[in-house]
Amino acid sequence: MVFCCIYTIFATGNDNLIMKLHIFNPEHDIALASNLENFTAPHAGRQLRGDLGWIPAIWADADDVVLVDDIDYAEKALKKFCANSKMKISCQFVNQYQLEQFCFDSIEPWGWDCAIRHFLLRWGASDESVPSLEAVENIRRLSHRRMASEVLKELRTFGTTGESYCCAAEEAQTMIRRFGHAVLKAPWSSSGRGIRYVDSELTFQQQGWLRNVVNSQGAVMVEPYYNKVKDFAVELVSDGKGRVECLGLSLFHTLNGAYTGNLLATETAKRELLAKYISIELLDHVITELCTCLGKRLAGLYSGPLGVDMMIVSDGDGKPCLLHPCVEINMRRTMGHVALSLSPDSDDVKKVMRITMTDNYKLKINKL
């Protein structure tokens, strides 16, 4: 069965109002881990969705519709963002109670999972209008960190590094002792969550965490700890028919594994920054191989945006930096895609896109 990220909805209401619906569901990764239709996101996830539900307006077309919790709040937030960023964005917002007033010819959430599927069905979508449970399960399977481990093996070449293993509890402890300093990752988890940095012997708390992950998700990923020099990602799109295209690079920042911001710059400027550490010829070769590898794996299973996190690492011994070509694979839209929508036209202009949190979450753009 071929899954596409765009589905037809036959909603009640005015059939002349046919358009695309965008949904920002940043709790998607946690929803994949829970795999529950009646999933309730943690408070932080619900607040992030409520505060930034308007951001699909950045890449949506003028006639598209964006689902938000509070229309008045979303309109004010978008107006303020446009004033600060000097952008002109036109988009219509709706809340869940208004969904049946429209006939949407396609739906594009941040990511598909059984929770967002169930939500749409509950608010008037027909079974034919959303991906099947089988299709959603395919996305969940493709989102398992095991896939990144498998793709990594296919991308390894001279100038690259990277190991990642999907382990049961006892095997994981053996791998940890082998690496000495290791990173444990839950197979499904959101940014900054589900990750533990460990030494050769696990603490009591770490042993408990490991058991809980293996019991709930069936395995744990074990990787050696790398001396990271720079985070970046390759933002892609799959047509679901065997073709994966590179949309651009994403240079981002993290704190304790959690996303904090993106560089806004031209592709030329971003490549020049990466060229200080690694060969651009190597990067181009890896991206080509990545697109080929993912094209084969996603054919007939997934159509839509995705991103592959990479990093530049150093052994600190004066040797050339190495490229880790597949740290994570996100089978959804990413903040890197958002950054590409905001990239400047001039090579001389560089800005930073950040998500800040005081009383609420805000998306801000600042000059470097």
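Residues are numbered from 1 along each chain as its sequence is written, and side-chain values use heavy atoms, with hydrogens and water left out. In this predicted model, local features require pLDDT of at least 70 and side-chain atom pairs count only at pLDDT 80 or more, whereas totals for chains, interfaces and linings use all residues.

Helices (H or I, at least four residues) and strands (E, at least two) are DSSP runs, numbered from the N terminus. A residue is called buried under 20% relative accessible area, exposed over 50% and partly exposed in between (1.4 Å probe, protein chains only).

In soluble globular proteins, nonpolar side chains tend to be buried together. Contacts (heavy atoms within 4.5 Å) of L294 beyond its neighbours within four places in sequence are made with M147, V151, L236, V244, L306, V308 and I329.

Strand 8 (residues 220-224) is largely enclosed by the rest of the structure, because five of its five residues are buried. Both of its faces are covered, with V220, V222 and P224 buried on one side and M221 and E223 on the other. Two strands are taken to pair if DSSP finds at least two bridges between them. Strand 8 pairs in the antiparallel sense with strand 5 (residues 165-167) over three bridges, and C167 has V220 as its bridge partner in strand 8. Strand 6 (residues 182-185) also pairs with strand 8 in the antiparallel sense, over four bridges; here P224 of strand 8 is the bridge partner of A182.

Strands 5, 6 and 8 are also among the elements that cover the buried residues of helix 7, as are strand 7 and helix 8 (204-217). In helix 7 (residues 169-179), the buried residues include A172, M175, I176 and F179. These four span an arc of only 105 degrees around the axis, taken from the directions from the helix axis to the C-beta atoms, which puts them on the same side of helix 7. An α-helix has 3.6 residues a turn, so residues three or four places apart point the same way. E170 and R178, on the other side of helix 7, are exposed. Helix 7 is followed by G180, which has a positive phi near 80 degrees.

Seven aromatic pairs are found in a search of the whole structure. Rings of Phe, Tyr and Trp (its six-membered ring) pair if their centres lie within 6.5 Å; planes under 30 degrees apart count as stacked, over 60 as edge-to-face and the rest as tilted. W59 and W110 form a tilted pair, at 6.2 Å centre to centre and 45 degrees between the planes. This pair links distant parts of the chain, 51 residues apart: W59 is in the loop between helix 2 (43-52) and strand 2 (65-67), and W110 in the loop between strand 4 (103-109) and helix 4 (114-122). Both W59 and W110 are buried. The pair of Y197 and Y225 is edge-to-face, because the ring centres are 6.1 Å apart and the planes lie at 80 degrees. Y197 in strand 7 (residues 195-198) and Y225 in the loop between strand 8 and strand 9 (228-239) are 28 residues apart. Y197 is partly exposed at 45% relative accessibility, and Y225 is partly exposed at 40%. Ring pairs also join F24, W59 and W110 into a cluster.

R333 is in the loop between strand 14 (322-330) and helix 11 (335-341) and counts as buried at 13% relative accessibility. Not counting residues up to four places away in sequence, R333 touches W59, E108, W110 and P305. Elsewhere, charged groups sit over rings (NZ of Lys or CZ of Arg within 6 Å of the ring centre and within 35 degrees of the ring normal). The charged end of R140 is 3.7 Å from the centre of the W188 ring, and R49 lies over the face of F119 at 5.8 Å from the ring centre.
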